Amino acid sequence: MSRRHLFGLPASRQSRRLVLSLSAATILLWVGGSAILPMLPTYLRRHGSDPAIVGIVMASYFAASVVTQYPVGRLSDRVGRRPVVLGGLLVFAAGSVGFAVLTGALPAIAFRALQGVGAGSVTVASAATIGTEVDPAERGAAFGALYGSQMLALAVGPLVGSIAGEQRMDLLFLAAAVASVVAALPVLAVVPRVAVPRVAVPLGGPPSEGLEGLELEMLASGAPAGLGHLAEGRRFRPSPAFTGVLVVFAATGLLSGAYEACWTLLMTLRHATSFDVGLSWTLFALPFAVLSVPAGRLASRADRRLLVIGSLGCSAVFCAAYPLLHSVVLLLVFCSFEAVGSVVGTPAAVLVLTRTVPAQSQGAAQGSVETARTAATALAAAGSGALFGIDPVVPFAAVAVVVVVSCAGIARAWRALPGEVSATAAPAGAERPGRSGAAGKVAAMRPDVDGTVVEGTVVRGDGRGRQLGFPTANVETEELVELPDDGVYAGSVDLPDGSVHVAAISIGRRPTYYEKGALLLEAHLLDFDGDLYGQRVRVAVGDIVRGQLRFASAEELVAQIVADVADVRARSTGVAAREDVSEGRADHQA
């Protein structure tokens with residue numbers, strides 16, 4: 001087993017570098033940010049702020065994040081992910097420098113708000129980057145690495161801050177700024193600068209309107225739009241799947257807020273020392289960080305609905321149990337067990353998000369769910385302290401009940417959603433003579449079991465695919481050509497310039513849209529933008545994904561297409577990965 005597989009890193013070099021760069025940037029940002037937290041209230045008090053001002057300063061971080069995360073996500077859809085990540089890092093650095101050079105209540109509120117805007121921007125744009133740039137089959141581990149890096153930083157940062165900030169808090173602020181600037185280096189080197197192309201998907205009309213084009217769009221994009229449609233290329237319409245993810249993030253935010261407000265109070269009530277309190281956070285963060293990548297890999301293979309609900313249910317049980325424990329040792333042990341049980345929830349939920357919201361709206365979607373989490377954290381933190389004053393059991397029990405109710409809502413919202421992603425590998429095929437490199441890898445996906453190759457001229461169709469932003473090549477073949485059975489296939493298209501492109505191929509009479517339509521061969525070339533009208537192309541029809549079906553509603557079609565998307569992408573990327581391994585072995589033997 002290779003080291004990169006052992007650690008759950010993506011197989012492709014580009015994706016691997018992307019995940020490592022974003023994880024490194026996240027660690028640097030969060031170590032610097034979390035190092036400030038332990039001593040910041042004390043620092044503010046030393047400079048004349050009363051307790052009320054201290055509370056406002058701390059709350060300004062969350063308030064700024066809530067206000068800006070969704071707009072920032074939409075901005076990343078327009079201008080690209082890299083500018084937003086870099087901008088967030090620089091804004092956070094500016095806020096940190098401000099703390100080091102100016103004192104006073106109003107500057108402190110402004111600088112803490114800047115830190116909230118910066119950190120929130122980086123979180124949203126980083127998640128959106130993985131959602132659009134990493135292959136679907138590898139996104140679970142990639143998201144695990146991203147969120148695990150946050151937890152790793154939280155395990156280290158507060159400890160560093162409590163030691164270094166005791167005497168020179170100004171130097172700690174500057175160190176946080178430097179770390180944020182350094183974090184921009186791997187982002188500049190690796191993260192793509194291009195913006196995600198926008199798509200206009202028509203809303204309204206009868207359920208069958210435009211569904212055939214939507215079907216091909218989803219096959220091509222790897223992030224189907226049917227559960228969260230775009231309108232005029234900018235906004236997406238919430239769907240049950242997206243609503244479920246929103247609830248997941250809000251529930252995790254409630255848990256985080258309750259712990260931020262009440263955990264130290266509970267530990268102190270149980271006669272824990274300051275070291276015990278710090279250790280409890282570390283004992284939760286470290287197992288979470290270590291298990292994040294394996295948990296993400298599990299989320300890519302298992303039923304994500306069960307993983308999410310099980311994770312939240314586990315957290316609810318522990319949350320309700322903590323105030324009933326009177327032993328500090330038991331509280332510390334339970335922290336570690338909760339981390340093990342809850343680590344898989346967020347990667348699984350984000351996978352649902354990336355597969356049910358189109359790539360062109362990933363930033364807005366990530367911004368929405370992060371806003372929900374941040375707002376819930378602030379709400380729970382604000383209310384839990386007062387509830388703790390009534391009885392230590394009340395805030396923990398109240399949040400646990402809300403989380404359990406949320407699980408029921410998530411189960412209802414996701415009842416029609418396929419929980420697993422098919423990861424069927426493509427059968428190994430021989431490379432065609434005269435082909436090498438990327439073209440040969442695409443050609444290798446043509447299976448021996450069928451081997452149907454059709455040549456024809458691209459002609460104009462009815463334009464539904466183009467209206468959706470994903471045009472299809474309508475290939476006119478000779479009348480005597482025998483096509484495979486009607487269905488959706490994975491395959492490839494050879495162009496006159498010698499390039500070969502992976503394609504989602506539809507053969508049939510489009511039963512969802514027409515009662516008795518003409519037999520058509522349509523191919524959507526993945527990641528291709530060009531005019532093919534009048535050109536002679538060669539279409540290789542690979543493995544069948546499924547037969548042609550007539551769907552009664554858009555929701556039914558989308559539920560099926562979620563699995564189809566994974567098949568088309570996994571077959572092509574699976575072959576490419578095996579080719580990379582084979583070439584590496586051959587080079588080694590040579």
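## Cavities

In what follows, Ala, Val, Leu, Ile, Met, Phe, Trp, Tyr, Cys and Pro count as nonpolar, Asp, Glu, Lys and Arg as charged, and the others, Gly among them, as polar. On that basis, the lining of the second largest cavity comprises six nonpolar residues, four polar residues and no charged residues. The structure described here is a predicted model.

A search of the whole structure returns four cavities of 30 Å³ or more. The second largest cavity has a volume of about 60 Å³, and its lining is formed by Tyr-43, Leu-44, His-47, Ser-49, Phe-99, Leu-102, Thr-103, Gly-104, Ala-105 and Ala-108. Two or more of these lining residues come from each of the elements α3 (40-46) and α6 (105-133).

## An aromatic pair involving Phe-99

Eleven aromatic pairs are found in a search of the whole structure. One of them joins Phe-99 to Phe-111 in an edge-to-face arrangement, with 5.8 Å centre to centre and 65° between the planes. Phe-99 lies in helix α5 (residues 81-101) and Phe-111 in helix α6, twelve residues apart, and the pair links distant parts of the chain. Phe-99 also belongs to the lining of the second largest cavity.

## Helices α4 and α15

The axes of helix α4 (residues 51-79) and helix α15 (residues 362-390) come within 7 Å and cross at roughly 175°. The two helices, α4 and α15, are therefore roughly antiparallel to each other.

On the α4 side, the contact involves Phe-62, Ser-65, Val-66, Gln-69, Tyr-70, Gly-73, Arg-74, Ser-76 and Asp-77; these meet Gln-362, Gly-363, Ala-364, Gly-367, Ser-368, Glu-370, Thr-371, Thr-374, Ala-375, Thr-377 and Ala-378 of α15. By class, this contact of α4 with α15 holds six nonpolar, eleven polar and three charged residues.

## Helices α10 and α16

Helix α10 (residues 240-269) and helix α16 (residues 393-413) have axes that come within 9 Å and cross at roughly 170°, which makes α10 roughly antiparallel to α16.

Residues contributed by α10 include Pro-240, Ala-241, Gly-244, Val-247 and Leu-266, while those of α16 include Pro-395, Phe-396, Ser-406 and Ala-413. The contact of α10 with α16 has 18 nonpolar, two polar and no charged residues.

## Helices α2 and α8

For helix α2 (residues 13-36) and helix α8 (residues 169-190), the axes come within 8 Å and cross at roughly 170°. Helices α2 and α8 are therefore roughly antiparallel to each other.

Among the residues of α2 in this contact are Arg-17, Leu-18, Ser-21, Gly-32 and Ile-36, and among those of α8 are Met-169, Phe-173, Ser-180, Pro-186 and Val-190. The contact of α2 with α8 divides into 17 nonpolar, three polar and one charged.

Key
Residues numbered from 1 in each chain as written. Predicted model: local features only at pLDDT ≥ 70, side-chain atom pairs only at ≥ 80, totals over all residues. Heavy atoms only, no water. Axes fitted to C-alpha atoms, helices over the stretch in contact; angles between N-to-C directions. Helix = DSSP H or I, 4+ residues; strand = E, 2+ residues; numbered from the N terminus. Parallel < 35°, antiparallel > 145°, perpendicular 65-115°, else oblique. Contact = heavy atoms within 4.5 Å. 1 Å grid on protein atoms, 1.4 Å probe; cavity = no way out; pocket = protein on both sides within 12 Å on 5 of 7 lines; lining within 4 Å. Points joined across faces, edges and corners; volume = space filled by probe spheres on them. Phe/Tyr/Trp six-rings, centres within 6.5 Å; stacked < 30°, edge-to-face > 60°.
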